[in-house]
Amino acid sequence: VISVLMLSYDLITIPLSVFDIPDNMLSMVMEWFTLVFWSSDMLLSCITSYVDQGRIVTNIVMIMRNYFKTWFALDCIVVLPEWAFKVLEYVTDSGGNGETASSTGRLLRSFRAIRIARLLRLAKLQRFLGVIRDKIDS
């Protein structure tokens, strides 16, 4: 359920980020919350059982192997750049001379369009809906 809410939030806010809307407390909190949530989702995906040909797989090695073969690359494409942006924002906000910080800030704003990759998580929504469908059918 939280995944659907986070995806909905991303669907609304990511296209708006192109317009360089000033940050407020709510947007900063939500940005951190979504980043931590999706990072946690990656960790939890490494230990969450899955269904394979009608049987539930609970072996941790098989779970991790399945995750690395299926969702890991997509999760890394989505989550790692977000962490890199956070680190760069922190570095540019906390130090450096004004001109360097200003040019780096402009660069970061231009890369906000890359955040559209977060919408790739919609593929996970299909998996989530499949799990719900399986629970309803059983």
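Tutor: Before we start, a contact here means heavy atoms within 4.5 Å. The model is a predicted one.

Student: Which residues does Thr58 touch, leaving aside its neighbours within four places in sequence?

Tutor: Thr58 is in contact with Ser49 and Ile63 once those neighbours are set aside. Thr58 is placed in the loop between strand 2 (55-57) and helix 3 (60-70). Its C-alpha atom is separated by 7.7 Å from that of Thr48, 10 residues apart along the chain.

Student: Why does Thr58 count as exposed?

Tutor: Exposed means over 50% relative accessible area. Thr58 has 61% relative accessibility, and therefore counts as exposed.

Student: How many helices and strands does the chain have, and in what order do the elements run?

Tutor: The secondary structure comes to 6 helices and 2 strands. From the N terminus on, the order is α-α-β-β-α-α-α-α. Of the 138 residues in the chain, 29% are buried. Of the contacts with a separation of 6 or more, 70% are between residues 24 or more positions apart.

Student: How do you know that the span of helix 1 agrees with its number of residues?

Tutor: The expected span is 1.5 Å times one less than the number of residues. For the 15 residues of helix 1 this gives 21 Å, and the end C-alpha atoms are 21 Å apart, so the two agree. Within helix 1, Met6, Leu7, Asp10 and Ile14 are buried.

Student: Why is Leu16 called partly exposed?

Tutor: Leu16 lies in helix 1. Buried requires under 20% and exposed over 50%, with partly exposed in between. Leu16 has 38% relative accessibility and therefore counts as partly exposed.

Student: What makes up the nonpolar patch on the surface, and which element gives the most to it?

Tutor: The patch is formed by Leu11, Ile12, Leu16, Val18, Phe19, Ile21 and Leu122, with about 680 Å² of accessible area together. Helix 1 (residues 2-16) gives the most, with 3 residues. A residue needs over 30% relative accessible area to belong to a patch, and Leu16 has 38%. The whole chain has an accessible surface of about 9,300 Å², of which 69% belongs to carbon and sulfur atoms.

Student: What makes Glu31 and Lys86 a salt bridge?

Tutor: The criterion is a side-chain nitrogen of Lys or Arg within 4 Å of a carboxyl oxygen of Asp or Glu. The side chains of Glu31 and Lys86 meet at 2.6 Å, N to O. The pair links distant parts of the chain, with Glu31 in helix 2 and Lys86 in helix 4 (residues 72-94), 55 residues apart. By this rule the count comes to 1 salt bridge.

Student: Are Glu31 and Lys86 buried or exposed, and why?

Tutor: Buried means under 20% relative accessible area. Glu31 has 15% and therefore counts as buried; Lys86, at 11%, counts as buried too.

Student: Why is Ser39 called buried, and which residues does Ser39 touch?

Tutor: Ser39 is in helix 2 (residues 25-45). At 16% relative accessibility, Ser39 counts as buried, the limit being under 20%. Not counting residues up to four places away in sequence, Ser39 touches Val79 and Trp83.

Student: How many aromatic pairs are there, and why is the pair of Phe37 and Trp38 called edge-to-face?

Tutor: The count comes to 5 aromatic pairs. The ring centres of Phe37 and Trp38 are 4.9 Å apart and the planes stand at 75°, so the pair is edge-to-face. The cut-offs are centres within 6.5 Å and planes over 60 degrees apart. Phe68 and Phe72 also form an edge-to-face pair, at 4.6 Å centre to centre and 80° between the planes. Tyr67, Phe68 and Phe72 form one aromatic cluster.

Note on methods: Residues are numbered from 1 along each chain as its sequence is written. Side-chain values use heavy atoms; hydrogens and water are left out. Patches are made of residues with over 30% relative accessible area and no salt bridge: like charges are joined within 9 Å, nonpolar side chains (Val, Leu, Ile, Met, Phe, Trp, Tyr) within 5 Å. Accessible areas come from the Shrake-Rupley method with a 1.4 Å probe; for residues, only the protein chains shown count as cover. Helices (H or I, at least four residues) and strands (E, at least two) are DSSP runs, numbered from the N terminus. Buried means under 20% relative accessible area, exposed over 50%, partly exposed in between (1.4 Å probe, protein chains only). Rings of Phe, Tyr and Trp (its six-membered ring) pair if their centres lie within 6.5 Å; planes under 30 degrees apart count as stacked, over 60 as edge-to-face and the rest as tilted.
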